[in-house]
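Please look at the model below and read this report beside it, taking one part at a time.

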Amino acid sequence: MTRKTYAEALIDALVEFAGEEKKFAIIGRGILGHGAQAHLVEPLMEKFGDRVTDPPTSEGAVASLGIGAAMAGTRIFAHFGTASFTMEAVNQIIHEAGVAHSMSGGQIKVPIVFHMFHGLRRGGSGQHSLSPQSMFANNPGLHLMMPTTPGDVKGMLRTALKSDTPTLFIDHAALLGTEGEVPDGPFEIPLGEAAIRREGDDVTIVATSRAVHWAEAAADQLAGDGIDAEVVDPRSVVPLDTETILKSIRKTGRLVCVEEGYQMCSIGSEIAALAAEQVFKSLKAPVARVARPPAPVPFSPPLEEAMMPGPGKIVAAVKAVMA
Amino acid sequence: MTAPPAPGDRAALFQCMVLMRRFEEEVLRVARDHPYVGRQHLHIGHEATGAGVVSALSPDDLFHTNHRNHGYLIARGADPGRALAEIMGRKDGLNGGRGGPWHLCDRSAGFQSTSAMVGGSVGLAVGAGFGLKTQGSKAISVTHFGDGTLDEGICYEALNLASLLALPVLFLCENNAKEGQRPSSMLAAKVLHDVPDALQIRSLVVDGPDADAVAAPAAYEDDHIRDGSGPVFLQADLERWPGSHQTKPEFPTGVTDLTLAWEEDRIQGPHAEWVRDHDGLRAYAKKLVADGTLSEDQVLEIDRDVLAGIEEARAFAEASPYPDPSGLLDNVFA
């Protein structure tokens with residue numbers, strides 16, 4: 001174990017994989033965005049810069065480039081920058097990568113990772129703040145992973161890179177500078193395996209990506225009020241570890257879902273539906289969802305702040321279901 | 001399974017063209033005889049272009065077809081019975097009934113995903129060229145598409161990327177834009193190859209119905225693509241088959257009669273001009289008989305053999321059951 005930033009752990013996974021897989025290429029240079037961690041991409045560029053292609057501003061073609069190459073047998077990590085930009089490539093992601101294996105009767109495989117940064121990022125306004133996870137999860141044939149910690153990003157990225165199923169790997173730029181313990185050497189975190197971030201008996205908070213940290217902060221605050229919250233991080237949205245989530249709800253009898261996306265047809269909506277379908281009789285209170293208010297993301301800082309499903313909103317939602 | 005015609009074997013090239021034509025005619029019959037939900041996009045009239053390119057390329061080359069794909073699949077050796085079964089949505093179809101007529105796929109014959117999103121295959125072909133290049137392969141990536149595909153934005157992005165990265169891609173544009181009718185493309189550029197030219201992609205124009213011209217590797221500068229010099233855009237000019245734009249099965253030019261290759265006086269009907277002047281299959285039969293490559297009897301014998309094979313293919317496809325819905329979720333994830 002070594003203490004590292006999330007950004008370093010992500011690059012470690014790419015460097016390790018590039019070292020062992022010759023048929024592997026990276027499309028996109030600014031893998032760590034343009035923030036304080038951008039320079040941490042250097043170890044990758046030093047060792048495997050020849051594997052990195054710097055494409056034009058051309059997301060549809062970048063997706064096609066990666067998907068076609070993956071079909072031809074080269075594993076691909078394709079970086080899209082802000083998740084909003086994947087909307088320029090959504091046809092390729094959904095209609096080419098997502099359907100190819102099934103539509104060809106299992107003949108074609110598409111080993112590609114679509115990497116992007118979702119969410120509110122300060123000043124992103126209405127076109128650079130998208131959280132497309134539930135939109136993508138609504139379509140078949142695509143795995144969808146959302147890591148939260150430095151250790152997880154390394155192990156989950158390796159799993160995605162080795163998978164023959166196209167994987168949406170949705171990061172959050174605000175996580176890049178966070179630190180944590182990261183196992184040394186290559187390891188994999190299996191798909192569909194949720195992590196219990198904090199154990200508790202009174203209420204289950206299911207959160208994804210950056211919202212996990214908000215949920216943990218909320219749980220700390222709630223503990224001071226005598227409320228014992230359990231925080232569940234699904235880590236992969238597709239496939240979803242329903243067993244761990246439902247087991248937690250059976251134990252606590254209360255569910256609050258938290259995410260950065262919009263509430264309509266959200267990941268939280270899906271989990272709430274699962275709870276209603278499968279553990280209805282275990283519920284002691286109505287389910288609550290904490291998500292973005294249904295407005296385009298505004299630029300002005302206090303307005304953008306108001307879009308965030310942060311700790312305060314989570315605490316309020318938990319108290320409402322505990323009442 | 002019939003092997004694709006070897007380079008320079010003109011009789012085999014002709015046989016391949018006959019197979020492509022007779023297969024599509026059978027697709028029309030299937031659509032007429034069965035309650036049928038799909039729509040057909042037939043390759044009739046494009047055989048000289050399709051078979052010509054297939055015969056000239058290497059078996060390792062990767063093909064990316066679009067919704068007008070059937071001819072390419074069977075020309076490269078996909079089993080006509082399994083292809084027809086797929087078009088009918090049957091269990092033994094090439095894709096197990098998951099693709100249908102727009103998405104025939106046979107990886108063993110060098111086909112990647114067959115996209116019916118207009119322009120989709122152009123992007124994927126550029127990707128395959130990238131994959132082959134990163135693997136140090138000598139194979140090239142090929143995509144065919146109609147002129148109407150150039151209306152789509154992805155084409156411009158993909159052509160740009162192929163040029164910038166000097167990828168080994170052959171862009172085969174089957175240009176059947178017809179003046180005086182609703183054009184299949186609506187481009188401000190009046191000369192199609194102005195588009196690749198502007199992006200520094202080498203472009204060539206070939207007479208699409210002339211099988212020998214298309215089959216000559218010089219037609220698309222095979223060496224240029226294979227030695228890493230970058231992509232080539234081959235514009236094959238074709239006169240659109242009168243049945244090309246249709247939603248209901250019909251034979252506007254009639255079932256093909258190869259004796260018209262040498263009995264031209266009998267060419268009649270509202271589409272006589274197309275049959276006489278623009279049907280590359282009839283033209284090639286006429287040419288091969290005229291230059292002594294095949295006799296009239298040999299032409300008709302080839303046709304009979306092909307038709308016998310098509311009959312077997314139809315019997316196979318019709319005997320194949322529909323897939324069991326219990327397998328609905330098979331292969332969603334790899």
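How many residues of chain A are in contact with how many residues of chain B? In this predicted model, 35 residues of chain A are in contact with 36 residues of chain B. Helices H3 and H4 of chain A each supply at least two residues of the side of chain A that touches chain B, and H3(A) gives the most to that side, with nine residues.

**Chain A as a whole**

Chain A holds eleven helices and 14 strands. Its radius of gyration is 19 Å, close to the 20 Å that the globule rule gives for 323 residues, so chain A is as compact as a globular protein of that length. The C-alpha trace of chain A spans about 60 × 45 × 40 Å along its principal axes, and buried residues make up 55% of the 323 residues in the chain. If one takes the contacts in chain A between residues at least 6 apart in sequence, 81% of these contacts join residues at least 24 apart.

Seven strands of chain A form an open sheet with mixed pairing, in the order S3-S2-S4-S5-S7-S6-S12. Its edge strands are S3 (52–53) and S12 (236–238) of chain A, each of which pairs on one side only. Within the sheet, strand S2 (residues 24–27) of chain A runs parallel to strand S4 (residues 75–82) of chain A, and four bridges join the two; Ile27(A) stands opposite Ala78(A) in S4(A). Helix H3 (residues 59–71) of chain A packs on this sheet, where it touches S2, S4 and strand S5 (112–117) of chain A, and the direction of H3(A) makes about 165 degrees with that of S4(A).

How do H3(A) and helix H4 (residues 90–103) of chain A lie relative to each other, and at what angle do their axes cross? The two axes come within 9 Å and cross at roughly 15 degrees, which means that H3(A) is roughly parallel to H4(A). The crossing of H3(A) and H4(A) is left-handed, and the residues that make the contact are listed here.

| Helix | Residues in the contact |
|---|---|
| H3(A) | Gly60(A), Ala63(A), Ser64(A), Ile67(A), Met71(A) |
| H4(A) | Asn91(A), Gln92(A), Ile93(A), Glu96(A), Ala97(A), Ala100(A) |

**Two places in chain B**

In chain B, helix H4 (residues 80–87) is mostly covered, since eight of its eight residues are buried. These buried residues, among them Arg82(B), Leu84(B) and Glu86(B), pack against helix H1 (10–33), helix H3 (70–75) and helix H12 (296–319) of chain B. Just after H4(B) comes Gly89(B), which takes a positive phi of about 75 degrees.

His193(B) and Leu234(B) are 41 residues apart in sequence, while in space they are 8.4 Å apart from C-alpha to C-alpha.

Conventions. Residues are numbered from 1 along each chain as its sequence is written. Chains are lettered from A and ligands numbered from 1 in the order in which they are written. This is a predicted model: local features need pLDDT of at least 70, side-chain atom pairs count only at pLDDT 80 or more; totals for chains, interfaces and linings use all residues. The radius of gyration is taken over C-alpha atoms; the globule rule is 2.2 Å times the number of residues to the power 0.38. A residue is buried if 20 or more other C-beta atoms lie within 10 Å of its own, exposed if 12 or fewer, and partly exposed in between; C-beta atoms are placed from the backbone. Two residues are in contact if their C-beta atoms, placed from the backbone, lie within 7 Å. Two strands pair if DSSP finds at least two bridges between them. Axes are lines fitted to C-alpha atoms, for helices over the stretch in contact, and angles run from 0 to 180 degrees between N-to-C directions. Angles under 35 degrees count as roughly parallel, over 145 as roughly antiparallel, 65 to 115 as roughly perpendicular and the rest as oblique. A crossing is left-handed if the near helix is turned anticlockwise from the far one by less than a right angle, and right-handed if clockwise.
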